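Take a look at the chain and its ligand before reading on. The paragraphs below start at the ligand and work through the rest.

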Amino acid sequence: MLRAVLKLCCGITYPHLRSMTGLQRAALAAFGLELAHLQMQGQMPLPTWIPLRRTEKTEAVEQRTSALVDEDVFYLKQGETALEEALKIVESEDGWQLETAERNGDVIYSKVLSGNRKVFRLEAELNASPEELHEILFFRLEEMHEWNPGIRRIKVLKHVGRNTLVTHEVSSETAGNLIGQRDFLSVRHSSTRESRVYLGGVSTRLESLPPLPGIVRAENGPTCIILYPLQDRPDRSRFVWLLNMDAKGWLPQSLVNKALPRAQVDFTKHLRHRLAAQNSDNNRY
Ligand SMILES: CC(C)CCC[C@@H](C)[C@H]1CC[C@H]2[C@@H]3CC=C4C[C@@H](O)CC[C@]4(C)[C@H]3CC[C@]12C
């Protein structure tokens, strides 16, 4: 019954949704996200394509659990593969061109992959150890909007073990973003090897979170961040970030190719401020 009512509502509202603007769209997007979360927490019925026999409860629960386990394995594999593929790109030696060299020593190289996708590799030194950055950039992902105005919000939709996440990321409409608001649905995976931290990610799909009205769903190809401790200063890190993004929407490629390295520079600037704030807190107490 509830499902029928929901379907009816969707049908009736569809033409109006298409003509919505501004705040209304944002409200609707938030509503959609909440529904998706309810569904993930099992407070809403699963879609009909999961065969559940409602009369035999235990069997239903078992089926649901095994479906989730398959799903977990899927995300885990997707995350690991993304990291491997991104590392191959970032560690490839040929075809990189210097894009920008900032006064503070940060550099961005770019490279055109087959299929004409331009990817960007930022290299910087940061005033924090790889573990501290791992904490900020992975385990405390949902706090990112607090220190980075380029991000509207990040929500972890699913945890698979400690090192794999499914996340929904929404960029801001403002803050030097030439391109307009985008959202991303990603699987993110982290791993640690010999005091280095690797963060990988790629766009993924989730039936319960289709693109939101009014926000263009962009796509991440395999991307990664590598955090190396500096040999003589283990409290500092070398930060290497591969940005591999299809911003989608009808935009001139030249505009996108300017906005992406700019977004990397901005991101790094905000990350530095975040680290500086943390360091001054530590000195105070
Ligand atoms: C220019 C327009 C299209 C996009 C601007 C926003 C970009 C720069 C934002 C949107 C989503 C953001 C990502 C969201 C989540 C993560 C995972 C984290 O572990 C490292 C940072 C990283 C990878 C962010 C990097 C910056 C990011 C890609």
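Which residues are closest to the ligand? In this predicted model, 22 residues surround the ligand. The closest are Leu-137, Glu-169, Ser-171, Ile-179 and Ala-263. The shell draws on several elements. Helices α4 (130–139) and α6 (253–284) each supply at least two of its residues. So much holds also for the strands β4 (151–160), β5 (164–171), β6 (182–193) and β7 (196–203), each with at least two residues in the shell. Helix α6 gives the most, with 4 residues. By type, the shell divides into 15 nonpolar, 4 polar and 3 charged residues.

Now turn to strand β11, residues 237–243. Strand β11 is mostly covered, with 5 of its 7 residues buried. It has a partner in strand β3 (residues 118–126): 7 bridges join β3 to β11, and the two run antiparallel. Within that pairing, Phe-120 has Leu-243 in β11 as its bridge partner. Strand β10 (residues 223–229) is also joined to β11, by 6 bridges, and this pair runs antiparallel too. Here Tyr-228 stands opposite Arg-238 of β11.

Helix α4 is the next stop. Its buried residues are Pro-130, Leu-133 and His-134. The buried residues of α4 pack against the strands β3, β6, β7, β10 and β11.

Next comes the largest nonpolar core. It holds 33 residues, and Cys-224, Ile-225, Leu-242 and Leu-243 touch the most other members. Elements that each supply at least two residues of this core are α3 (57–91), β3, β5, β7, β10, β11 and α6. Helix α3 gives the most, with 5 residues. Leu-242 shows how the contacts run. Leaving aside neighbours within four places in sequence, Leu-242 is in contact with Ala-86, Ile-89, Val-90, Val-119, Arg-121, Thr-223 and Cys-224.

Back to helix α6, where Pro-261 lies. Is Pro-261 buried or partly exposed? Pro-261 counts as partly exposed, because it has 19 C-beta neighbours inside 10 Å, and a buried residue needs 20 or more. Not counting residues up to four places away in sequence, Pro-261 touches Glu-99, Thr-100, Ile-108 and Phe-120. The C-alpha atoms of Pro-261 and Val-107 are separated by 9.9 Å, although the two residues are 154 apart along the chain.

Glu-194 sits in the loop between β6 and β7. Its phi is positive, about 45°, although Glu-194 is not a glycine. Glu-194 counts as exposed, because it has 6 C-beta neighbours inside 10 Å. Lys-248 is in the loop between β12 (245–246) and α6. Phi of Lys-248 is near 60°, again a positive value in a residue other than glycine. With 14 C-beta neighbours inside 10 Å, Lys-248 counts as partly exposed.

Conventions: Residues are numbered from 1 along each chain as its sequence is written. This is a predicted model: local features need pLDDT of at least 70, side-chain atom pairs count only at pLDDT 80 or more; totals for chains, interfaces and linings use all residues. A residue is near a molecule or strand if its C-beta atom, placed from the backbone, lies within 6 Å of it. Ala, Val, Leu, Ile, Met, Phe, Trp, Tyr, Cys and Pro count as nonpolar, Asp, Glu, Lys and Arg as charged, and the others, Gly among them, as polar. A residue is buried if 20 or more other C-beta atoms lie within 10 Å of its own, exposed if 12 or fewer, and partly exposed in between; C-beta atoms are placed from the backbone. Two strands pair if DSSP finds at least two bridges between them. Two residues are in contact if their C-beta atoms, placed from the backbone, lie within 7 Å. A nonpolar core is a set of buried Ala, Val, Leu, Ile, Met, Phe, Trp, Tyr and Cys residues joined through C-beta atoms within 7 Å.
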